[in-house]
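Please read this briefing with the sequence and the model side by side.

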Amino acid sequence: MEKQPRLLASQLFLKNSVFEVLLNGVLLTWKEIPANKKVVSGSIHHPIKGGTSHSVSVSEILAVRELDVGGGTNDDGRWQKMPQKLTEAYPYAFTVSYVERARQHRWRCSDVTFHCSDGVLRQQWIQTIREQLTALTSRPKHLLVYINPYGGKQQGECIYEQKVAPLFACASISTDVIVTEHANHARDHLKTEAELKKYDGVVCVGGDGMFSEIVHGLVSRTQRDNGVDQNSPEEKLVPCSLRIGIIPAGSTDCICYATVGINDPVTSALHVIVGDSQPMDVCSVHHNNTFLRYSISLLGYGFYGDVLADSERKRWMGPARYDFSGFKTFLTHHHYEGAVSFLPATDILGTPRDKTRCRAGYVGTVSLPEQYEVGWGVVRGKFLAINAASMSCACPRSPMGLSPAAHLADGTTDLILVRKCSRFNFLRHLLRHTSKDDQFDMTFVEVHRVRRFRFTPRHCQNDSELDLRENGKQLFSQICRDHPACSCSPAYSSWNCDGEILPHAAIEVGVHCQLIKLFARGIEEQPLFEDLANPQCAL
């Protein structure tokens, strides 16, 4: 890497010590100047104290501001009165706010205050740092913020006002805030009313459902503005130009886990401020050339579809409904018969079983004509679950997710087929989601990395699928009322599309490579966290 020229270098006062402070186009570094006095022990001379050092990337400096030394300082988050002698010797000070890494991928805002004896020198430092920050064109200046006050623990407004808004203000980011009043409020506003040209990004405060609303609104608006027909499964969609930020305030927040590594509002807000950009794939779901929904994380038929459908009837139970419905669905052990056809992704590096977690997101892709040179595969049978994971789908209850090696932005999704098996074996499969063992090392489970797939239930013929489903429900419910011991399976399950139920079982799914971008950078390697979080790091 080419050595960066110095922009500024000065001896400044910090925490009762003199530091050599250096700024170039990449780093702000401060290193303590060791004391001159030495203690003699035998024939060896030991300095009283060695020079500690700290480096911060310029791209992760949030702001710089003047400080009134006489009024005190907030260095290290605590208000403290400066000693009189220090105030007289160094009457000028400035504070730099920057990103500091903590454990488990958390980011925090830290402050360091430098004192100097010359007001001109202070102004020179402030101006130079601000010029460097202005040159970072990837940083947002004006954001459109949607807050869901009902999601998760209904803390969205509180989280934004107390944890996020002060950080945006510190970084001089202006915001237009909309508190949503009903379901799909944000989606509809983005599709029709929002003046998107005014903004550098869209931020949602809520859970995965709120994020899905933002994606649907933004993607639909982009396609409409570019004359793209969303009802055509073969249509190539236009990528969205605005980045999306997620401030987690939901129940699972699996999008944050896959793109940042943790569901922490402060961490996500800091990723927005520094202007990170993480591309992501989006799946489009169609039925008979009619657009249904977009999927970002999970499409699940069978077990996960049944869990969602049952939990929707038990909303009065609150979050506990998912545990109850999951246990009930496991006990019913329904299987569903059909055919899955898929276009395998044979042109990329990596497989769903290579145990390589996606951190940067991009692996590689091919052009559309090349995709169709590879033949389609077909799997027929009875399935307990059919899942398509476009990311790991990790969350606190499932640290590795449904597909730990799924990639964020390579134009593929991992298609997981769980065939009919015993209840005990299916339990073993579910428990694998909570461990680090191979998720797919079972004879009744197979996984394919695909670019497109279709599912056709066995009983789906020419008649209306919904009519068949409703008639089937009536028929089976009548039989089961007459014969309580009946253990027959219904003909159809429901598709769980990122927490929403689809109205059709027969669907066609296509993956659109890097259709959206998030204010994120993927999950950083842990050694990087440890090195940058260590204040004793060498220059």
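A contact here means heavy atoms within 4.5 Å, and with that in mind Ile516 touches Phe211, Val215, Val219, Cys240, Gln278, Pro279, Met280 and Val282, leaving aside residues up to four places away in sequence. This is a predicted model, in which local features need pLDDT of at least 70 and side-chain atom pairs count only at pLDDT 80 or more, while totals for chains, interfaces and linings use all residues. Residues are numbered from 1 along each chain as its sequence is written, and side-chain values use heavy atoms, with hydrogens and water left out.

**Nonpolar cores**

- A nonpolar core is a set of buried Ala, Val, Leu, Ile, Met, Phe, Trp, Tyr and Cys residues joined through side-chain atoms within 4.5 Å, where buried means under 20% relative accessible area, exposed over 50%, and partly exposed in between (1.4 Å probe, protein chains only).
- The largest nonpolar core has 60 residues, of which Tyr146, Leu190, Phe211 and Ile516 touch the most other members.
- Helix α5 (residues 208–225) gives the most to this core, with six residues; helices (H or I, at least four residues) and strands (E, at least two) are DSSP runs, numbered from the N terminus.
- At least three residues of this core come from each of domain 2 (137–277 + 519–539) and domain 3 (282–514), with domain bounds taken from an automatic or database domain assignment.
- Apart from this core lies another, of 26 residues, including Phe383, Ala388, Phe453 and Leu502.

**A buried helix**

- Nine of the nine residues of helix α7 (residues 265–273) are buried, so this helix is largely enclosed by the rest of the structure.
- Just after α7, Gly275 takes a positive phi of about 75°.

- Asn184, which is not a glycine, has a positive phi of about 65°; Asn184 sits in the loop between β11 (174–179) and α4 (185–192), and at 27% relative accessibility it counts as partly exposed.
- Gln514, also a residue other than glycine, has a positive phi near 50°; Gln514 lies in strand β23 (residues 507–518) and is partly exposed, with a relative accessible area of 25%.

**Confidence**

- The protein chain averages a pLDDT (the predictor's confidence in each residue, from 0 to 100) of 84, and 81% of the residues score at least 70.
- Confidence is lowest in strand β5 (residues 44–47), at a mean of 38, and highest in strand β10 (residues 142–147), at 98.
- Over residues 461–486 pLDDT stays under 50, and the model has 27 contacts beyond four places in sequence for them.
- Where pLDDT is low, the predicted coordinates should not be read in detail.
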